[in-house]
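Here's a quick briefing to read with the structure open beside you. Take a look at the fold first, then come back for the details.

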Amino acid sequence: MNIDRPALKGRAKALVTGSKPSPIWVGLVYLLLAIVVSWLSTRIIGISLTAQEFTNYYNAILSGDYDYIYNLLIPRLPSLAACLVNLALQLVMAVVFAGFVLFLMNTIRRTGACFGNLLDGFGMFGRIILLNILTNLFVMLWSLLFVVPGIIAAYRYRMALYLLLDHPEMSVMQCIRESKRMMKGHKGELFVMDLSFLGWAILESIPVFGYAVQVWTTPYISMSYVLYYEALRGAETVNDAGNGGTWREAPPWEG
């Protein structure tokens, strides 16, 4: 089963522009939270150098003067408390992102989407964090072998978060294993879909203007990936129908 990527992305655009509450406004709330957290992280653990210090630092790297680099940077390293506060902020944003995904799922299925969905992830805070830790750990371990196995592993676990949010009765490891099964034969397809958003990523990187771009890309790209999960989930249901499974009509964006 191949998923019709252009049709899927067209469906994502239609949902983003035509749904209530608007995914653009909910995405904007999420984006503003992410910007605030990013700013706080920079303030908490960022290392600031004057123009002269930066020049001296650059020259020290070129000349191999590591004593100067050590004496310059060590006093500026963040404290353990600052690192812990920053970690807590990152964990909170991971859970808020999960809430945003829940909102998009509810939008697609027309099952009570609302701004409050952004906080729904806190109901499974520990499991979302554990899932993030385990998937990142597995990807890191595969990356020790070589870069390519690490990339393949990252795609293998891409559906795990959607599965956890969709099936809270499943354990974290069950979601990881099911994601591996769902992604068999689809990793290359999802990689191509990632590449199709490269132009948007370049626009997002432009200072200041990139924030305006993200107002659209945050809901649009996230919606596209949720629809991709929905397409995989629907295909599994349809394919299982002949074996006694529950048949469900495949979404129109599936190939």
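Predicted model: local features only at pLDDT ≥ 70, side-chain atom pairs only at ≥ 80, totals over all residues.

The chain has 12 helices and zero strands, and 37% of its 255 residues count as buried.

**Overall build**

- Reading from the N terminus, you'll go through α-α-α-α-α-α-α-α-α-α-α-α.
- Along the principal axes, the C-alpha atoms fill a box of roughly 70 × 40 × 35 Å.
- Take the contacts with a separation of 6 or more: 70% of them are between residues 24 or more positions apart.

**Surface and charge**

- The chain's accessible surface comes to about 14000 Å², and carbon and sulfur atoms make up 66% of that.
- On the charge side, there are 19 positive and 16 negative side chains. The centres of those two sets lie 3 Å apart.

**Helix H9**

- H9 covers residues 172-182, and its buried residues include Val 172, Cys 175, Ile 176, Ser 179 and Met 182.
- These residues sit on the same side of H9, because they cover an arc of only 125° around the axis.

**Aromatic pairs around Phe 197**

- The chain has 10 aromatic pairs, counting rings whose centres lie within 6.5 Å.
- One of them joins Phe 197 and Tyr 220: the ring centres are 5.8 Å apart and the planes are at 85°, so this is an edge-to-face pair.
- Phe 197 is in the loop between helix H10 (187-196) and helix H11 (198-204), while Tyr 220 belongs to helix H12 (residues 209-240), so the pair ties together parts 23 residues apart in sequence.
- Are Phe 197 and Tyr 220 buried or exposed? Both are buried.
- Phe 197 also pairs with Tyr 225, with ring centres 5.7 Å apart and planes at 70°, so that pair is edge-to-face too.
- This second pair links distant parts of the chain, running from Phe 197 in the H10–H11 loop to Tyr 225 in helix H12, 28 residues apart.
- Tyr 225 is buried, as is Phe 197.

Terms used
Residues numbered from 1 in each chain as written. Heavy atoms only, no water. Buried < 20%, exposed > 50% of the residue type's maximum accessible area, 1.4 Å probe, protein only. Helix = DSSP H or I, 4+ residues; strand = E, 2+ residues; numbered from the N terminus. Arc of directions from axis to C-beta. Contact = heavy atoms within 4.5 Å. Areas by Shrake-Rupley, 256 points an atom, 1.4 Å probe, with all protein chains shown as cover. Lys, Arg positive; Asp, Glu negative; His and termini not counted. Charge placed at Lys NZ, Arg CZ, Asp CG, Glu CD. Phe/Tyr/Trp six-rings, centres within 6.5 Å; stacked < 30°, edge-to-face > 60°.
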